[in-house]
Amino acid sequence: MGASTGNANEPLVRISVVGSTTVLPIATRTAEQFVKNSNGEVSITVNGGGSGVGIQSAGSGRADIGMASREITPREKKRFQTPGLRTYVVGRDAVACVISSEVYSSGVHALSKEQIGDIYLGKIKNWKKVGGPDREIVVIDKEAHRGTRHVFMQYVFGNERARAPGARLVIGSNNEEQAKISQSDSAIGLLSIAWMNDDVVGVGIRQAGEIIEPTLENVRNNRFPISRNLNLVIAGEPRGKVKEFVDYIMSPQGQKIVAESGFIPIHPN
Amino acid sequence: MSFISLVLIAGLFGFLVLQSVPILAEQKWDFLLGRDWWAGEVYGALPMIYGSCMVTGVASLLVLPLALGGAIFTSEFLSAKQRLWVKAMMELFAGITGIIYGLLGVALMAGWVKDSFGLIDGNTILTAGLLLGIMILPTILTLAEDALHAVPGCYRDTSLSLGLTKLQMIKSAVIPQALPGIAGAIFLGLGRAMGETIAVMLVIGGLDKIADPWYDLFAPAQSIASKLGREAAEAIGSGLQWSALMALGLVLFFMVMFLTMVGNLFLKRVR
């Protein structure tokens, strides 16, 4: 992979993309197509690590493009003042509060912001307090730099860096979260809606007397309260093949791939 | 060759010390004794030091009877051919890299611990300790067996001719002679256990807290290596968080160095 064939006069351009595991599927699939279209001129590597790692890598020059499923924090902006970070929105996504399918089928279909907050604070410890089975809640938290966590905590506590003393486990990527919740029959966690499946079910959010389900429809019409932009972060002005790649992702072909990956394109039609 | 290794190690040590200066200047003793770690606010290493010690302690308690029993059996009861077979297998297993154990731990061990002990979740100190024990068993077994086998035959012959049974001979004549080598094997195995990152990271739970009570093996925790594994990538290069992580690395460096030094001191007496 990445052999220097094709146009003999052009040296192979290597692009490295690092960061959010939510944006990862978009980057991987568009990169595959972009590399195919480029006739061997470009080679793209995509790695996970989380939004914090993505922003950090882009800012420090370790990667050409950083992926982030949250906004850049003031602390990060200041740290990478030179050459300055630019954000390019490539899609929209929502963060669902997810629970084990066994708890969902026992009757817990929706939770309010206050209930979720109390669970993460350790005030509610048993599922029966919120209408579920008599089992202890396995509260799964994420590493503090993860974009999904920032967005979730911003909604639940009004503070993207809120602490969760009620947590039982701290895990990393969307992948790991999905695995741990499906392995348990009593877990609660936070996950990008594109990663939900039969074992990992998103609860509706009970707000102002109504229940808002975590569906793409509700994200599109802005009813679902925990949604975020999916960003590419680049240090300075993007040039050459990097600019072409970003333009490709934001083009109709790229946005089609975004939609197929389970997210909302930036110009939904 | 040894000069190059010395320079490299001294260089690594110097690098860790230099990188640790900012956080130690900022927090001083609160770094080692603090129980709270929250990036951007405070960095307390005690939960991670506790985690490393607990996990290594559990691993050693579990592995010692098995490794030593296996070593004695291999050295004193097996034929030469069977012995070589066992040694070859152990050395093969000793070379299996940590991630394989980590994947097996996630897939099998965590679920087994959860079901066997009726816990809400299987990512605990016990799980990590068990996994580490399995990892270091081959190393300790093969090194301890070396020590036992190296005891000269005349000790055995003399004991048996004096009328001792085989078991009495092993207990009174062979083991005491091999003790320095056995101790050395144990300390080297522990040194490896303390530095193991990925296998521990996947099953320990990742919670930066000291369990309550401290001996609760069914609680999630965080070791120094697993903390570095989870947080290093987001903080690379500069800042107080990076300095704190480097200082954690320095603490681990000292702990492993101490174990290895003690182990080598014992082994020297064998050779």
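Read along its sequence, chain B follows the pattern α-α-β-β-α-α-α-α-α-α-α-α-α. That gives 11 helices and 2 strands in chain B. Helices (H or I, at least four residues) and strands (E, at least two) are DSSP runs numbered from the N terminus. The model is predicted: local features need pLDDT of at least 70, side-chain atom pairs count only at pLDDT 80 or more, and totals for chains, interfaces and linings use all residues. Residues are numbered from 1 along each chain as its sequence is written, while chains are lettered from A and ligands numbered from 1 in the order in which they are written.

The C-alpha atoms of chain B fill a box of roughly 70 × 50 × 30 Å along the principal axes. Chain B has 271 residues, and 44% of them are buried. A residue is buried if 20 or more other C-beta atoms lie within 10 Å of its own, exposed if 12 or fewer, and partly exposed in between, with C-beta atoms placed from the backbone. Contacts, here and below, are pairs of residues whose C-beta atoms, placed from the backbone, lie within 7 Å. Among contacts in chain B between residues at least 6 apart in sequence, 74% join residues at least 24 apart.

The mean for chain A is 90, and 96% of its residues reach 70 or more. Among its elements, strand S3 (residues 65-68) has the highest mean pLDDT, 96. Helix H3 (residues 74-79) of chain A has the lowest, 88. Over residues 1-6 of chain A, pLDDT stays under 50. For that stretch the model has 8 contacts beyond four places in sequence.

The two chains touch. Chain A contributes 24 residues to the contact and chain B contributes 17. On the side of chain B, helix H10 (residues 224-235) supplies the largest share, 3 residues. By class, this side of chain B has 7 nonpolar, 7 polar and 3 charged residues. Here Ala, Val, Leu, Ile, Met, Phe, Trp, Tyr, Cys and Pro count as nonpolar, Asp, Glu, Lys and Arg as charged, and the others, Gly among them, as polar.

A nonpolar core is a set of buried Ala, Val, Leu, Ile, Met, Phe, Trp, Tyr and Cys residues joined through C-beta atoms within 7 Å. The largest such core has 79 residues. Val17(A), Ile65(A), Met67(A) and Val98(A) have the most contacts inside this core. Strand S4 (residues 85-100) of chain A gives the most to it, with 8 residues. Beyond four places in sequence, Val98(A) touches Ile181(A), Gly189(A), Leu190(A), Leu191(A), Met196(A), Val200(A), Val201(A) and Gly202(A). Another core, of 69 residues, lies apart from the largest one. Its members include Leu137(B), Ala147(B), Leu188(B) and Ile204(B).

Helix H5 (residues 113-121) of chain A has Gln115(A), Ile116(A), Gly117(A), Ile119(A) and Tyr120(A) buried. An α-helix has 3.6 residues a turn, so residues three or four places apart point the same way. The buried residues of H5(A) pack against S4, strand S5 (110-112), strand S6 (138-142), helix H6 (147-157) and strand S8 (187-192) of chain A. Gly122(A) follows H5(A) and has a positive phi, near 90 degrees.

Ser112(A) lies in strand S5 of chain A. Ser112(A) is partly exposed, with 15 other C-beta atoms within 10 Å. Its contacts beyond four places in sequence are Arg206(A) and Gln207(A). Ser186(A) is 74 residues from Ser112(A) along the chain, and their C-alpha atoms are separated by 18 Å.

Several backbone exceptions stand out. Most residues other than glycine have a negative phi, and most peptide bonds are trans. The bond from Thr82(A) to Pro83(A) is cis, with omega near 0 degrees. Pro83(A) sits in the loop between H3 and S4 of chain A. Asp212(B) and Pro213(B) are also joined by a cis peptide bond, with omega about 0 degrees. Pro213(B) belongs to the loop between helix H9 (198-203) and H10 of chain B.

Ala208(A) is not a glycine, yet has a positive phi of about 50 degrees. Ala208(A) lies in the loop between strand S10 (204-207) and strand S11 (210-212) of chain A. This residue is exposed, with 6 other C-beta atoms within 10 Å. Asn222(A), likewise not a glycine, has a positive phi of about 60 degrees. Its place is the loop between helix H8 (216-220) and strand S12 (227-235) of chain A. Asn222(A) is exposed, with 9 other C-beta atoms within 10 Å.

Terms used: Contact = placed C-beta atoms within 7 Å. pLDDT = per-residue confidence, 0-100.
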